[in-house]
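Visitor: Please guide me through this model by question and answer.

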Amino acid sequence: MSNGSLEFRSASYGSLEKQLQLQQNGVVVSAIQSARKPSKMLKEKERLFLWICKLAGRRKVGMLILSLISAAVFVWVLYVGKGDSPEGNRASEISVKGSISISDSPSTISTANIMGFATNLVLPPPPPSHFLGYTLPPGHPCNSFTLPPPPADPKRSGPRPCPVCYLPVEEAIALMPKFPSPSPIIQNLTYIWEENLSRDGEFGGSDFGGYPTLKQRSDSFDIRESMSVHCGFVKGPKPGRNTGFDMDEDDLYHMEQCRGVVVASAIFGNFDAINEPSNVSNYSKKTVCFLMFIDEETEKAWRASGLLGINKRIGLWRIIVARNIPYTDARRTGKIPKLLIHRMTPNARYSIWLDGKLELVVDPYQILERFLWRRNATFAISRHYKRFDVFVEAEANKAAGKYDNASIDFQIDFYKKEGLTPYTEAKLPRIISDVPEGCVIVRELVPISNLFTCLWHNEVDRFTSRDQISFAIVRDKLLSRVDFHFAMFLDCERRNFVVQKYHMDLLLERQSPPDSAAVSPPPPLTPSLPPPLPVLETHPRRVVIPTVRGGPWRGPWKGPWRGPVRRVRRRRPRVVYGNRYIAGTQ
């Protein structure tokens with residue numbers, strides 16, 4: 001029994017092998033002596049624990065302890081609930097040294113605080129809510145692409161297309177930004193509408209665009225976070241519904257469903273022939289809205305010719321008939337869909353404007369990638385191929401009879417007083433021209449871009465319809481206040497993705513053969529009598545023969561008779577080259 005007890009205690013308090021080793025060395029160690037004696041502190045804790053257990057066995061004391069524990073748990077829950085306030089909800093992740101993210105809960109945070117861990121809460125960076133541009137990978141062919149020199153052909157001295165480095169359609173579609181580009185300063189843009197138009201302080205304007213005063217015009221260039229400006233359609237809150245330039249409800253609904261890319265054009269007064277886009281991918285045919293705006297005159301002509309049916313479709317184009325046209329000038333009417341397309345397609349992200357005489361020959365996504373996304377721009381327009389200065393452009397418009405000369409002079413004088421100066425090289429490299437070729441506009445429909453086209457349309461509505469004249473003053477005023485991501489590209493690049501056609505009158509003149517029934521036959525030739533023979537006048541002494549050489553007849557010759565006149569033909573000199581004779585001139 002003693003041996004078993006010894007073995008049990010040895011196994012409990014010490015190592016039996018160690019004790020046997022010590023015994024072999026002549027040292028006798030007691031198993032009880034080898035164990036540590038408990039300290040006084042441990043004995044006092046054990047006595048306190050036993051005393052608490054005795055007290056807890058009583059009813060009143062146990063209930064008191066349970067109440068204290070419940071109160072402590074309640075306070076702890078309140079403390080943890082503080083972390084669930086809106087302020088605490090800002091962080092949903094814990095970043096450990098900025099490299100690892102783990103999901104947490106309020107209890108995890110509280111446990112860490114109670115246990116004394118030093119938790120460093122670092123808010124993760126918010127996901128990008130704006131498109132900040134991109135760069136093509138190193139070695140990409142478009143990075144080293146340069147324009148070749150123009151061909152030295154003296155017979156073709158006018159404008160011509162030049163090569164452009166586009167990405168394949170699939171790559172361009174994949175690079176479409178998921179987020180909009182940032183709009184500097186302005187975040188919320190609303191538009192003024194009035195049931196009863198106010199014409200106080202009138203200085204130009206119309207019932208369609210309103211009559212903003214000069215003070216309102218000046219305030220519209222003061223960029224703020226929230227702005228409300230005149231932008232056409234002032235007679236109602238929704239464009240196209242009793243506002244002028246009215247459209248059918250199904251057309252308005254169709255435009256509201258455009259949520260990606262819009263390609264827009266317009267033909268008024270049956271002035272142009274419709275051009276079907278070519279080289280368009282199947283993806284673009286399904287996702288891009290092709291909108292063609294026409295007036296009732298054009299609609300009547302197209303329906304009479306059988307071109308337009310009841311489905312309002314011609315190829316890829318959705319035909320939208322605008323009624324109650326606010327202007328008599330077709331050029332001014334064309335500026336409505338050109339500059340205010342964002343008002344008619346409020347959910348679209350990008351737009352490409354084409355004049356009615358142009359044919360699109362490149363996929364829209366390739367155009368957007370090349371001129372907007374790759375350049376991190378929100379507005380792109382081609383510059384004029386020949387003119388750079390607004391004042392030169394105004395004189396050219398006057399010489400061509402594009403508008404009333406007095407109105408052009410008044411507009412130019414007004415801009416001079418506002419500080420518009422002739423174009424010089426000092427504006428480079430930020431501004432490469434003051435005159436655009438406005439038949440193509442590529443832009444992103446963000447607040448700053450929409451504000452620019454609204455203010456540009458206000459100038460067209462207030463002054464002349466020649467938008468090339470009012471372009472520079474609006475652009476310069478905006479660029480002086482914000483960093484507007486604005487770009488101008490070469491006219492030859494524009495001619496690469498659009499083909500310019502003739503207007504309808506010239507097209508009919510060139511294509512239609514002359515009508516044989518309409519052309520009257522020439523009158524029959526009447527036989528002409530031979531001229532009368534000269535009359536011989538007899539003289540008692542001689543016979544006088546009149547001559548017709550040297551001019552009209554002047555009467556009989558009164559000098560002596562010298563015989564008939566003899567004509568001598570003079571030979572032309574020749575120049576000899578080798579054995580060949582080449583006739584020369586005298």
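**Contacts, helices and loops**

Visitor: Leaving aside its neighbours within four places in sequence, with which residues is Arg495 in contact?

Guide: Arg495 belongs to helix H19 (residues 491-497); helices (H or I, at least four residues) and strands (E, at least two) are DSSP runs, numbered from the N terminus. Taking contact as heavy atoms within 4.5 Å, and setting aside neighbours within four places in sequence, Arg495 touches Pro159, Arg160, Pro161, Tyr385 and Gln500.

Visitor: On what basis are these values given, and what is the mean pLDDT of the protein?

Guide: This is a predicted model, in which local features need pLDDT of at least 70 and side-chain atom pairs count only at pLDDT 80 or more, while totals for chains, interfaces and linings use all residues. Residues are numbered from 1 along each chain as its sequence is written, and side-chain values use heavy atoms, with hydrogens and water left out. On the pLDDT scale, the predictor's confidence in each residue from 0 to 100, 66% of the residues reach 70 or more, and the mean is 78.

Visitor: Over which residues does pLDDT stay under 50?

Guide: Where pLDDT is low, the predicted coordinates should not be read in detail. One such segment has 14 contacts beyond four places in sequence in the model, and pLDDT stays under 50 there over residues 1-37. Another has 27 contacts of that kind, and pLDDT stays under 50 there over residues 81-119.

Visitor: Among contacts between residues at least 6 apart in sequence, what percentage join residues at least 24 apart?

Guide: The secondary structure comprises 20 helices and 18 strands. Among contacts between residues at least 6 apart in sequence, the share joining residues at least 24 apart is 78%.

Visitor: Are H15 and H16 roughly parallel or roughly antiparallel to each other?

Guide: Val390, Phe391, Ala394, Asn397 and Lys398 in H15 meet Asn405, Ile408, Asp409, Ile412 and Lys416 in H16. By class the contact has five nonpolar, two polar and three charged residues, where Ala, Val, Leu, Ile, Met, Phe, Trp, Tyr, Cys and Pro count as nonpolar, Asp, Glu, Lys and Arg as charged, and the others, Gly among them, as polar. H15 (residues 390-399) and H16 (residues 405-417) have axes 10 Å apart at an angle of about 170 degrees; axes are lines fitted to C-alpha atoms, for helices over the stretch in contact, and angles run from 0 to 180 degrees between N-to-C directions. Angles under 35 degrees count as roughly parallel, over 145 as roughly antiparallel, 65 to 115 as roughly perpendicular and the rest as oblique, so H15 and H16 are roughly antiparallel.

Visitor: Which residues of H12 and H17 make their contact?

Guide: The axes of H12 (residues 330-339) and H17 (residues 447-462) come within 10 Å and cross at roughly 175 degrees, so the two helices are roughly antiparallel. By class, their contact has four nonpolar, two polar and three charged residues. On H12 these are Arg332, Lys335, Ile336 and Leu339, and on H17 Thr453, Trp456, His457, Val460 and Asp461.

Visitor: How many of the residues of H18 are buried?

Guide: Helix H18 (residues 467-479) reaches 18 Å from its first C-alpha to its last, close to the 18 Å expected at 1.5 Å a residue, the expected span being 1.5 Å times one less than the number of residues. Its buried residues include Ile469, Phe471, Arg475 and Lys477. H18 is mostly covered, and the buried count among its 13 residues is 12.

Visitor: What is the relative accessible area of Ile294?

Guide: Ile294 is found in strand S6 (residues 289-294). Beyond four places in sequence, its contacts include Ile267, Phe268, Trp302 and Val321. Ile294 is buried, because its relative accessible area is 0%.

Visitor: Which peptide bond is cis?

Guide: The proline concerned, Pro429, is in the loop between H16 and strand S12 (436-444). With omega near 0 degrees, the cis bond runs from Leu428 to Pro429.

Visitor: Is Asn279 buried or exposed?

Guide: Asn279 lies in the loop between strand S5 (261-267) and helix H10 (282-287). Its phi is near 60 degrees, a positive value in a residue other than glycine. Because its relative accessibility is 59%, Asn279 counts as exposed.

Technical notes: Buried < 20%, exposed > 50% of the residue type's maximum accessible area, 1.4 Å probe, protein only.
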